[in-house]
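Here are my notes on the ligand site, the voids and the backbone of this model. Please read them with the coordinates open.

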Amino acid sequence: MKNEKLLQTLYTIATGLTSSLAPEEVLATIVEGITKTMNFKGCSLMLISPDKSRLIHTTSYGISKGYLRKGPVQADAIIKRVMQGRTVLIKDAIHDSRVQYKEQAEKEGIASMLSVPLMPDDEVVGILRVYTSEQRQFTAKEIKFLSSLANLGALALRKAMLNAALGRSLEEHSAKISKMEEDQVRFLRFLNMAAHDLKAPLAAIQGFLWIMLDGYCGVLGDKQRDMLQRSSLRIDELLYLISDLLDIPRIESGQMLREMEGVPLCQIIEGSCSELYNQAKDKGIELRMELPQCLPEILGSNLRLKQVITNLVGNAINYTSQGAVTVRAAELDDDVEVEVIDTGIGIPPQDLPLIFDDFFRASNIGIRGTGLGLSITKRILEAHGGKIRVESPPSGSQTGSKFTFILPKKSGGLKEGDKL
Ligand code: ADP
């Protein structure tokens, strides 16, 4: 065996292993390379079955299909030794009692066979077997060379197994994702229906309560008035919750994309703040706006962006008992940035990671709310290609919170039907 030829075979196999060749092709290169370089009759690679009872043929060269179909190869005495990491030579294959298919070996013209373990690490996972047409011994050098090639084969096999496992897990994951998406659509439909069905009777009850509170059903005693007022407040809260719940399917279904147009963010901020001005004033809180002369237009929904500002500024006022709420806007390279800063109670550090979750309410608050405002705000901004983050306390302050969101100057042409 010429050294040059050996090197050539090794080179071909190693390039196959490191290149984009599929592992099956590398295995085919190995068995062909060995057969041709070392002038054998043939060579095959077999894997040990998971229960270790038989060998599973993977690839071979120089061996007829008829011989390959001879029947299952049991984990016989030879294989058991190979599985212990030994190389086993059967010099006279057609007379050796350890050979399972002697007759077929004779017909195939196999005289000797050498089995070498495939060991990608400590465990034997298969066998590399070479067949010769004449009875022969193998030199230590040949066995060493075959063992190195068997190890390369083991690497290729491992790569093939990893690829198969990866393919399977990718398939499983994408099936799970599709199922979750279907479940989400079904749930949103259900939410939409349930919220609509609840809204109408609650609004009717609210109407009756107002009629009674206005004295159209007779004079009310103090206790009756107090109880009716409290009921009316609770119904208000439920109606807020329902209106928030109805927003979620509207945003998630992409309905908002139909409302997209060029919108002036400064005007939206001014509009929202003027509506909340009295609420802040009643609490003795200063509501400041620090807006630039002009801001570029945003491709967005006027109504929903107003909802974002109103929610952030409304929260800032709600969760602040003294000081100020400041709304700032600035133009960045590709985006417009808006900050809503307050000097209020702040958000406990352990609650910060959950603050945008549905129904989440921090542990330091006493007033009622739905815990949906921020999650809806985040959904709206993300549907506009924007992002929101929170800092509490804002850097340089001892108390309060700062919510910052960015929106792209041009929303990249979101279209109806786009996935949000
Ligand atoms: P809600 O205000 O109805 O509870 P949100 O989703 O708007 O629901 O807010 C979720 C929670 O985040 C609030 O319950 C509150 O704990 C916290 N939070 C939001 N904004 C502020 C703020 N500016 N300062 C302190 N806590 C806030």
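1. α9 gives the largest share of the shell around the ligand, three residues. A residue belongs near a molecule if one of its heavy atoms lies within 4 Å of it. Helices (H or I, at least four residues) and strands (E, at least two) are DSSP runs, numbered from the N terminus.

2. Two points on provenance. The model is predicted: local features need pLDDT of at least 70, side-chain atom pairs count only at pLDDT 80 or more, and totals for chains, interfaces and linings use all residues. Residues are numbered from 1 along each chain as its sequence is written, and side-chain values use heavy atoms, with hydrogens and water left out.

3. The shell around the ligand holds 20 residues. N315, Y319, R361, A362 and L374 are the closest. By class there are 10 nonpolar, eight polar and two charged residues. Here Ala, Val, Leu, Ile, Met, Phe, Trp, Tyr, Cys and Pro count as nonpolar, Asp, Glu, Lys and Arg as charged, and the others, Gly among them, as polar.

4. G371 uses a polar backbone atom, at 3.2 Å from a ligand oxygen. G373 also places a polar backbone atom by a ligand oxygen, at 3.1 Å. Of the 520 Å² of accessible area that the ligand has on its own, the protein covers 96%. Areas come from the Shrake-Rupley method with a 1.4 Å probe.

5. The ligand sits in the largest pocket, meaning that more than half of its atoms lie within 2 Å of the grid points. Two elements give two or more residues to the ligand shell: α9 (302-318) and α10 (373-383). A pocket is an open set of points on a 1 Å grid over the protein atoms alone, with protein on both sides within 12 Å along at least five of seven lines; lining residues have an atom within 4 Å of a point.

6. The largest pocket contains about 1,300 Å³ of space. Its lining counts 41 residues, with N311, N315, N318, G369 and T370 nearest the centre. α9 again gives the largest share, nine residues. α7 (222-252), α8 (265-282), α9 and α10 each supply at least two. The lining splits into 18 nonpolar, 16 polar and seven charged residues.

7. There is one cavity of 30 Å³ or more. A cavity is a set of grid points where a 1.4 Å probe fits but cannot get out. The largest cavity has a volume of about 80 Å³. A volume is the space filled by probe spheres set on the points, which are joined across faces, edges and corners. Y67, K70, R98 and R129 are among the lining residues. By class, the lining has six nonpolar, one polar and four charged residues.

8. Two backbone spots to check. Most residues other than glycine have a negative phi, and most peptide bonds are trans. K52, not a glycine, has a positive phi of about 60°; K52 lies in the loop between β1 (42-48) and β2 (54-61). The S392 to P393 peptide bond is cis, with omega near -5°. P393 is in the loop between β12 (387-391) and β13 (402-408).

Notes
A polar contact is a pair of N or O atoms within 3.5 Å; within protein, one must be able to donate a hydrogen and the other to accept it, and residues adjacent in sequence count only if both atoms are side-chain atoms.
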